[in-house]
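I opened this entry to keep track of what I looked up. Short notes follow.

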Amino acid sequence: MFAWRSTPRTSGTAASPIGKQLVLAGRLIFGVWMLVNGIDYFFVSLYPMPTGHEPLAMQLMTGLVNSRLLDVAIAIELVSGALILIGVFVPAALCVVMPISVCAAFWAILDHRPHGLALGLGAVVLNGLLMLAYIDYYKGVLQRHALALGES
(Lines give C-alpha, C1' and ligand atoms only; values in the text may rest on other atoms or scores of the structure.)
Protein backbone atom coordinates (compact mmCIF):
# COMPACT_ATOMS: atom_id res chain seq x y z
CA MET A 1 0.00 0.00 0.00
CA PHE A 2 2.96 2.31 0.58
CA ALA A 3 4.55 1.71 -2.81
CA TRP A 4 6.49 4.74 -4.03
CA ARG A 5 5.21 4.30 -7.58
CA SER A 6 2.21 2.07 -8.12
CA THR A 7 0.48 0.73 -11.17
CA PRO A 8 -3.20 -0.16 -11.45
CA ARG A 9 -4.45 -3.73 -11.38
CA THR A 10 -2.69 -6.06 -13.80
CA SER A 11 -5.68 -8.32 -14.48
CA GLY A 12 -9.25 -7.69 -15.55
CA THR A 13 -10.60 -4.55 -17.19
CA ALA A 14 -7.88 -2.22 -15.91
CA ALA A 15 -5.21 -4.30 -17.72
CA SER A 16 -6.38 -3.20 -21.17
CA PRO A 17 -4.86 -0.04 -22.63
CA ILE A 18 -8.24 1.69 -22.47
CA GLY A 19 -8.66 0.60 -18.84
CA LYS A 20 -5.24 2.01 -17.94
CA GLN A 21 -6.10 5.27 -19.67
CA LEU A 22 -9.40 5.46 -17.78
CA VAL A 23 -7.63 4.87 -14.48
CA LEU A 24 -5.07 7.54 -15.35
CA ALA A 25 -7.83 9.98 -16.33
CA GLY A 26 -9.77 9.23 -13.13
CA ARG A 27 -6.61 9.64 -11.05
CA LEU A 28 -5.80 12.98 -12.67
CA ILE A 29 -9.37 14.28 -12.32
CA PHE A 30 -9.63 13.18 -8.69
CA GLY A 31 -6.14 14.49 -7.84
CA VAL A 32 -6.83 17.88 -9.41
CA TRP A 33 -10.22 18.02 -7.67
CA MET A 34 -8.69 17.41 -4.23
CA LEU A 35 -5.75 19.72 -4.90
CA VAL A 36 -7.97 22.57 -6.12
CA ASN A 37 -10.21 22.20 -3.05
CA GLY A 38 -7.17 22.53 -0.80
CA ILE A 39 -5.67 25.45 -2.69
CA ASP A 40 -9.04 27.20 -2.76
CA TYR A 41 -9.49 26.89 0.99
CA PHE A 42 -5.98 27.85 2.12
CA PHE A 43 -4.57 30.19 -0.53
CA VAL A 44 -7.12 31.69 -2.93
CA SER A 45 -10.87 31.90 -2.89
CA LEU A 46 -12.07 30.66 -6.26
CA TYR A 47 -15.50 29.71 -4.95
CA PRO A 48 -17.15 30.19 -1.55
CA MET A 49 -17.10 27.42 1.05
CA PRO A 50 -20.62 26.01 1.34
CA THR A 51 -22.20 26.86 4.67
CA GLY A 52 -25.37 24.84 4.25
CA HIS A 53 -29.03 25.66 3.76
CA GLU A 54 -30.63 23.18 6.14
CA PRO A 55 -30.26 23.62 9.93
CA LEU A 56 -28.46 20.31 10.48
CA ALA A 57 -25.98 20.97 7.67
CA MET A 58 -25.30 24.47 9.03
CA GLN A 59 -24.68 23.06 12.54
CA LEU A 60 -22.28 20.46 11.17
CA MET A 61 -20.33 23.00 9.12
CA THR A 62 -20.21 25.47 12.03
CA GLY A 63 -18.85 22.75 14.30
CA LEU A 64 -16.21 21.74 11.75
CA VAL A 65 -15.08 25.35 11.26
CA ASN A 66 -15.04 26.27 14.95
CA SER A 67 -13.15 23.14 15.99
CA ARG A 68 -10.62 23.69 13.14
CA LEU A 69 -11.33 20.12 12.03
CA LEU A 70 -12.22 21.48 8.60
CA ASP A 71 -8.64 22.80 8.32
CA VAL A 72 -7.32 19.30 9.02
CA ALA A 73 -9.68 17.71 6.49
CA ILE A 74 -8.79 20.23 3.78
CA ALA A 75 -5.05 19.82 4.49
CA ILE A 76 -5.46 16.07 4.04
CA GLU A 77 -7.29 16.74 0.75
CA LEU A 78 -4.48 19.05 -0.38
CA VAL A 79 -1.66 16.61 0.37
CA SER A 80 -3.56 13.55 -0.88
CA GLY A 81 -4.57 15.35 -4.06
CA ALA A 82 -0.96 16.29 -4.76
CA LEU A 83 0.23 12.72 -4.16
CA ILE A 84 -2.53 11.25 -6.36
CA LEU A 85 -1.83 13.79 -9.09
CA ILE A 86 1.91 13.12 -9.26
CA GLY A 87 1.43 9.38 -8.83
CA VAL A 88 3.32 8.87 -5.56
CA PHE A 89 1.85 6.67 -2.78
CA VAL A 90 -1.44 6.60 -4.70
CA PRO A 91 -3.02 3.61 -2.88
CA ALA A 92 -2.24 5.11 0.54
CA ALA A 93 -3.45 8.58 -0.50
CA LEU A 94 -6.71 7.13 -1.82
CA CYS A 95 -7.20 5.26 1.44
CA VAL A 96 -6.53 8.37 3.52
CA VAL A 97 -8.88 10.63 1.55
CA MET A 98 -11.81 8.15 1.43
CA PRO A 99 -13.23 9.11 4.89
CA ILE A 100 -13.18 12.77 3.83
CA SER A 101 -15.03 11.91 0.62
CA VAL A 102 -17.64 10.00 2.64
CA CYS A 103 -18.03 12.92 5.08
CA ALA A 104 -18.46 15.34 2.17
CA ALA A 105 -21.18 13.11 0.72
CA PHE A 106 -22.86 12.88 4.14
CA TRP A 107 -22.84 16.66 4.48
CA ALA A 108 -24.31 16.96 0.98
CA ILE A 109 -27.10 14.56 1.96
CA LEU A 110 -27.87 16.70 5.02
CA ASP A 111 -27.92 19.87 2.91
CA HIS A 112 -30.53 18.59 0.40
CA ARG A 113 -28.91 20.38 -2.56
CA PRO A 114 -28.77 18.36 -5.82
CA HIS A 115 -25.53 19.94 -7.05
CA GLY A 116 -23.68 19.29 -3.79
CA LEU A 117 -25.10 15.80 -3.56
CA ALA A 118 -23.87 14.98 -7.07
CA LEU A 119 -20.38 16.26 -6.22
CA GLY A 120 -20.26 14.45 -2.87
CA LEU A 121 -21.43 11.14 -4.27
CA GLY A 122 -19.19 11.61 -7.30
CA ALA A 123 -16.17 11.97 -5.01
CA VAL A 124 -17.04 8.75 -3.17
CA VAL A 125 -17.66 6.83 -6.40
CA LEU A 126 -14.49 8.07 -8.11
CA ASN A 127 -12.45 7.41 -4.98
CA GLY A 128 -13.92 3.90 -4.67
CA LEU A 129 -13.35 3.06 -8.32
CA LEU A 130 -9.74 4.19 -8.10
CA MET A 131 -9.27 2.09 -4.97
CA LEU A 132 -10.65 -0.91 -6.87
CA ALA A 133 -8.14 -0.27 -9.65
CA TYR A 134 -5.36 -0.45 -7.04
CA ILE A 135 -6.91 -3.38 -5.10
CA ASP A 136 -3.72 -5.46 -5.37
CA TYR A 137 -1.99 -3.03 -3.01
CA TYR A 138 -4.66 -3.54 -0.33
CA LYS A 139 -4.62 -7.36 -0.34
CA GLY A 140 -2.27 -7.57 2.65
CA VAL A 141 -4.61 -5.59 4.90
CA LEU A 142 -7.70 -7.33 3.55
CA GLN A 143 -6.57 -10.81 4.59
CA ARG A 144 -8.70 -12.52 7.21
CA HIS A 145 -5.79 -13.40 9.48
CA ALA A 146 -3.13 -10.91 8.51
CA LEU A 147 0.22 -11.16 10.26
CA ALA A 148 2.19 -8.23 11.60
CA LEU A 149 5.92 -7.87 11.04
CA GLY A 150 7.80 -10.54 12.95
CA GLU A 151 4.77 -12.85 13.38
CA SER A 152 4.71 -16.32 11.89
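Is Asp71 buried or exposed? I noted first that the model is predicted. Asp71 has a relative accessible area of 16%. The cut-off for buried is under 20%, so Asp71 is buried.

**Entry: around Asp71**

I placed Asp71 in helix 3, which covers residues 69-86. I then looked for side-chain partners. The Asp71 side chain makes a polar contact with the side chain of Arg68, at 2.9 Å. Leaving out residues up to four places away in sequence, I found that Asp71 touches Tyr41 and Phe42.

**Entry: helix 1 against helix 5**

Next I looked up a helix pair. Helix 1 spans residues 17-42 and helix 5 spans residues 114-133. Their axes lie 10 Å apart, and the packing angle is about 135°. Helix 1 is therefore oblique to helix 5. I recorded their crossing as left-handed.

Which residues make the contact? From helix 1 I listed Val23, Gly26, Arg27, Ile29, Phe30 and Trp33. Helix 5 supplies Leu119, Gly122, Ala123, Leu126, Asn127, Leu130 and Ala133. I sorted the residues of this contact into nine nonpolar, three polar and one charged.

**Entry: the whole chain**

I stepped back to the chain. It has five helices and zero strands. Along the sequence the pattern reads α-α-α-α-α. The C-alpha atoms fill a box of roughly 50 × 40 × 30 Å along the principal axes. Of the 152 residues, 34% are buried. I also checked contacts between residues at least 6 apart in sequence: 73% of them join residues at least 24 apart.

Methods
Residues are numbered from 1 along each chain as its sequence is written. This is a predicted model: local features need pLDDT of at least 70, side-chain atom pairs count only at pLDDT 80 or more; totals for chains, interfaces and linings use all residues. Side-chain values use heavy atoms; hydrogens and water are left out. Axes are lines fitted to C-alpha atoms, for helices over the stretch in contact, and angles run from 0 to 180 degrees between N-to-C directions. Helices (H or I, at least four residues) and strands (E, at least two) are DSSP runs, numbered from the N terminus. Angles under 35 degrees count as roughly parallel, over 145 as roughly antiparallel, 65 to 115 as roughly perpendicular and the rest as oblique. A crossing is left-handed if the near helix is turned anticlockwise from the far one by less than a right angle, and right-handed if clockwise. Contact means heavy atoms within 4.5 Å. Ala, Val, Leu, Ile, Met, Phe, Trp, Tyr, Cys and Pro count as nonpolar, Asp, Glu, Lys and Arg as charged, and the others, Gly among them, as polar. Buried means under 20% relative accessible area, exposed over 50%, partly exposed in between (1.4 Å probe, protein chains only). A polar contact is a pair of N or O atoms within 3.5 Å; within protein, one must be able to donate a hydrogen and the other to accept it, and residues adjacent in sequence count only if both atoms are side-chain atoms.
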